[in-house]
Amino acid sequence: MMPSDIPKVVPLTCHGHSRPVPHLSFSSTVEDDQYYLISACKDNNPMLRDGITGDWIGTFLGHKGAVWQARLSTDANIAATAAADFSAKVWDTHSGECLHTLQHAHICRAIAFPIQPSPRVLATGGYEKKLRIFDLSRSSGSGSNSNSSSPTFPSPTNGDNGAAALTSYEIGPGVHGGTIKSIIWNQDYNILTTAAEDRKIRWWDLRSRHPIVEHTVQGNIGSCELNTLATRPNDPGILTVAAGKSVYLFDGMNPGRLLKKSTFNYEVASAAVNNETGRLVTGSADDTWARVYDLRTDEELEVQKGHHGPIWSVSFSPDGKLYGTGSEDGTIKLWKACRETYGLWR
């Protein structure tokens, strides 16, 4: 095994969760090169942290079931969480206040914002096998559905505990053959990607509400994320899918275009890439290690040890200088991924 060209340093360990961490996600870079990290946890309590230091900022209180996925808007002003209590929630990241509760008929597993700042819409999916788009700017009965710049929203079927429910519509009823595990909003606002337990990755056009292409993967899907870098303006990114014993890399600009498939001798639970430095990081369902590979040759460069459970989520920071891992052991670790001094590694 070749040594990595990045010196070994101790990772930062983020404590606070009491159950497994199935998902973590970074915001884009906001003011003064700052960015944030949000974690979903089976302890019902998603947490917001400083992305560079891992310092705890706050916990979003209100879910009554395991939180499966959590994301921040591009500007980090709002957060969204998908949970086993049959709901998704939208949060103000400054006050911690719950802005909206979106009721579902079953467990909510996946959630996504558009990449644009100050998003007015949100996508959800889960055990219902329904891809739904919610309009965060209008509630049903507000009489403002005449806005021609956005889709026409039929009246929702599920109320919001007596509050005015947000209007929503479903994309492609009956198409998903299994639980929706991940939703990704592409750089092109009109294109969404879903990863489902029927082992299919689908690219959807919001205008036609139909899939435009689909790709069948071998094995169960562990993670599906769009990896973009703030250091590359308008970077279309690489859609990185961990499924079975493989990592699939799709072109972030051209739906369905497979750039590369890398296969390993273990079940890949999670994966992330940094295209600028040519690094691929994987988490495994079979052990507790994060492995770092050369993206182009698949040569193993490093094995990062420190977790005490499988790594269910891997994510690079927006500047690519560190990556986070979320584990079954209830901790998040931040690993340095650059040569220079950075953050708390000085």
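**Reading the model, strand by strand**

Guide: Let's start with a hairpin: β19 and β20 have 2 residues between them, and Gly-244 in the turn has a positive phi of about 60°. Keep in mind that this is a predicted model.

Visitor: How do β19 and β20 pair, and over how many bridges?

Guide: Strand β19 (residues 238–243) runs antiparallel to β20, with 6 bridges between the two. To see one of them, find Ala-242, whose bridge partner in β20 is Val-247.

Visitor: What does β20 form with β21?

Guide: Another hairpin, with 6 residues between β20 and β21. Gly-256 in that turn has a positive phi of about 85°. The pairing of β20 with strand β21 (residues 258–263) is antiparallel too, over 5 bridges. Here you can look for Tyr-248, which has Lys-261 as its bridge partner in β21.

Visitor: Why is β20 described as largely enclosed by the rest of the structure?

Guide: Burial is judged by relative accessible area, with under 20% counting as buried. Strand β20 (residues 246–251) is largely enclosed because 6 of its 6 residues are buried. Ser-246, Tyr-248 and Phe-250 point one way from β20, while Val-247, Leu-249 and Asp-251 point the other way.

Visitor: Which residues of β2 point one way, and which the other?

Guide: His-23 and Ser-25 go one way, Leu-24 and Phe-26 the other, and all are buried. β2 is joined by 4 bridges to strand β3 (residues 36–40), and the two run antiparallel. Leu-24 has Ser-39 as its bridge partner in β3.

Visitor: Where is Asp-32 found, and is Asp-32 buried or exposed?

Guide: Look in the loop between β2 and β3. Asp-32 has a relative accessible area of 76%, so it is exposed. Now check the backbone. Most residues other than glycine have a negative phi. Asp-32 is not a glycine, yet its phi is positive, about 55°. Lys-129 also has a positive phi without being a glycine, near 65°. Lys-129 sits in the loop between β11 (121–126) and β12 (131–139), and its 38% relative accessibility makes it partly exposed.

Visitor: Back to the strands, then. Where is the place of Glu-225, and what does its side chain make a polar contact with?

Guide: Glu-225 is in strand β18 (residues 221–227). Its relative accessible area is 13%, so Glu-225 is buried. The polar contact is with the side chain of Arg-71, at 2.9 Å. Beyond four places in sequence, Glu-225 touches several residues, including His-23, Gln-69, Ser-182 and Thr-240.

Visitor: What about Ile-221: buried or exposed?

Guide: Ile-221 lies in strand β18 as well, and it counts as buried because its relative accessibility is 5%. Among the residues it touches beyond four places in sequence are Lys-181, Ala-195, Ile-201, Val-241 and Ala-242. For a sense of scale, Ile-221 and Lys-260 are 39 residues apart in sequence and 16 Å apart in space, C-alpha to C-alpha.

Visitor: Which residues have the most contacts inside the largest nonpolar core?

Guide: The general idea first: in soluble globular proteins, nonpolar side chains tend to be buried together. In this model the largest nonpolar core has 15 residues, and Leu-322, Ile-332, Leu-334 and Tyr-342 have the most contacts inside it. β1 (12–14), β2 (23–26) and β28 (332–336) each give two or more residues to this core. Take Ile-332: leaving aside neighbours within four places in sequence, its contacts include Leu-12, Cys-14, Val-21, Leu-24 and Leu-37.

Visitor: Where does UniProt place the feature "repeat: WD"?

Guide: The unreviewed UniProt entry puts it at residues 60–101, 176–214 and 304–336. Residues 176–214 are 0% helix and 59% strand, with end C-alpha atoms 11 Å apart. For residues 304–336 the model has 0% helix and 55% strand, and the end C-alpha atoms lie 11 Å apart.

Visitor: And over which residues does pLDDT stay under 50?

Guide: That would be residues 140–163, for which the model has 38 contacts beyond four places in sequence. Where pLDDT is low, the predicted coordinates should not be read in detail. For the protein as a whole, the mean pLDDT is 90, and 90% of residues reach 70 or more.

Key
Residues are numbered from 1 along each chain as its sequence is written. This is a predicted model: local features need pLDDT of at least 70, side-chain atom pairs count only at pLDDT 80 or more; totals for chains, interfaces and linings use all residues. Side-chain values use heavy atoms; hydrogens and water are left out. Buried means under 20% relative accessible area, exposed over 50%, partly exposed in between (1.4 Å probe, protein chains only). A polar contact is a pair of N or O atoms within 3.5 Å; within protein, one must be able to donate a hydrogen and the other to accept it, and residues adjacent in sequence count only if both atoms are side-chain atoms. Contact means heavy atoms within 4.5 Å. UniProt positions are given in the numbering used here, feature names are shortened, and annotations may be inferred rather than shown by experiment. Two strands pair if DSSP finds at least two bridges between them. A nonpolar core is a set of buried Ala, Val, Leu, Ile, Met, Phe, Trp, Tyr and Cys residues joined through side-chain atoms within 4.5 Å. pLDDT is the predictor's confidence in each residue, from 0 to 100.
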